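Thanks for coming, everyone. I have one structure for you today. Let me put it up, and then we will walk through it.

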Amino acid sequence: MPAPEPQDTAEPATERAPKMRASNVSVFYGDKQALKDVSIDIHDDRVTAFIGPSGCGKSTFLRTLNRMNDTIPSARVTGHIELEGEDIHASAMDVVQLRARVGMVFQKPNPFPKSIYENVAYGPRIHGLGDGKSDMDVIVEKSLKRAGLWDEVKDRLQESGTALSGGQQQRLCIARAIAVDPEVILMDEPCSALDPIATAKIEELIHELRGRYAIAIVTHNMQQAARVSQRTAFFHLGELIEYGKTKDIFTNPREQRTTDYITGRYG
Ligand code: ADP
Ligand code: MG
């Protein structure tokens, strides 16, 4: 199988400080080490893709970035992670606030069993954003527009979010993340439950959101990584094997293990 051709190799014009910086991050589940000494910078003007075979630690690493591993009792994280220079494990860091700043979209769309409007308004309301109904209407409309869903739902905002199609539900979840004005959006295989047309819409949306938010996406689909990202990190057995420009990873990898993976020598 030929390696996928990177399609979006646009490079940001300036070299800014990274939005997030992970240094020497390891994760253990009980006494089993799932992630070994991973260091990656995440930039806000590009999309970063995490690829690698199933079980290599992609989701585990993604979850360290907004402390979602805190919700797994057996998980223990070591190392240092900064958001805009702030240590996300510092006692001054409010984890609810952190997860608003670093939003997450999951593999399976998981809208609340509430109206489309409420799915989007919920976060801003608990974070005290928006002052009254008309402000909230503006936030909801803006978030749904940004998530590319407004035209499809504007006449049925009071219908349940769970009644939407899978692709629409996933865009609703993206709107929900956007509504609290995040700095980073983490996406864990956001298209794996979607059909090709819904997948194409999400990929298009990622293009549109790039530059406004730092985006990190886990995907087991190398073609998708090549299409949507400017940086790619390849993980294998809990190690970060290679991290670089997407174009280089797919056309000129430095490591044999990367070559083996992108040419389909192992799953
Ligand atoms: P990926 O997303 O690349 O498929 P994961 O991060 O889900 O990989 O898993 C990495 C390793 O950690 C695997 O060996 C997996 O079995 C283990 N793991 C993941 N989540 C848990 C958990 N909640 N408890 C115990 N082990 C886990
Ligand atoms: Mg995973």
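How many helices and how many strands make up the secondary structure of the chain? Ten helices and ten strands. Both are DSSP runs, numbered from the N terminus: helices are H or I with at least four residues, strands are E with at least two.

Ground rules next. This is a predicted model, where local features need pLDDT of at least 70, side-chain atom pairs count only at pLDDT 80 or more, and totals for chains, interfaces and linings use all residues. Residues are numbered from 1 along each chain as its sequence is written, chains are lettered from A and ligands numbered from 1 in the order in which they are written, and side-chain values use heavy atoms, with hydrogens and water left out.

Now the overall form. The C-alpha trace spans about 55 × 45 × 35 Å along its principal axes. The radius of gyration is 18 Å, which agrees with the value near 18 Å for a compact globule of 267 residues. That radius is taken over C-alpha atoms, and the globule rule is 2.2 Å times the number of residues to the power 0.38.

Burial. Of the 267 residues, 52% count as buried. The cut-offs are on relative accessible area: buried is under 20%, exposed is over 50%, partly exposed is in between, with a 1.4 Å probe and protein chains only. The chain exposes about 12,100 Å², and carbon and sulfur atoms supply 48% of that. Those areas come from the Shrake-Rupley method with a 1.4 Å probe; for residues, only the protein chains shown count as cover.

Contacts, meaning heavy atoms within 4.5 Å. Take those between residues at least 6 apart in sequence: 68% join residues at least 24 apart.

On to the rings. The structure holds five aromatic pairs. Rings of Phe, Tyr and Trp (its six-membered ring) pair if their centres lie within 6.5 Å; planes under 30 degrees apart are stacked, over 60 edge-to-face, and the rest tilted. One of the pairs joins phenylalanine 50 and phenylalanine 235, edge-to-face, at 5.7 Å centre to centre and 80° between the planes. This pair links distant parts of the chain: phenylalanine 50 sits in strand S3 (residues 47-51) and phenylalanine 235 in strand S9 (residues 231-236), 185 residues apart. Buried or exposed, phenylalanine 50 and phenylalanine 235? Both are buried.

A second pair is phenylalanine 112 with tyrosine 122, also edge-to-face, at 5.1 Å and 65°. Phenylalanine 112 is in the loop between strand S6 (102-105) and helix H3 (116-126), and tyrosine 122 is in helix H3, ten residues apart. Phenylalanine 112 has 25% relative accessibility, so it counts as partly exposed. Tyrosine 122 is partly exposed too, at 35%. Back to phenylalanine 50 for a moment: ring pairs link Phe50, Phe61 and Phe235 into a cluster.

Backbone next. Aspartate 37 is partly exposed, with a relative accessible area of 48%. Aspartate 181 also has a positive phi, near 60°. Aspartate 181 lies in the loop between helix H6 (166-178) and strand S7 (184-188). It is exposed, at 54%.

Last stop, glutamine 33, in strand S2. At 31% relative accessibility, glutamine 33 counts as partly exposed. Leaving aside neighbours within four places in sequence, glutamine 33 contacts Ser26, Val27 and Phe28.
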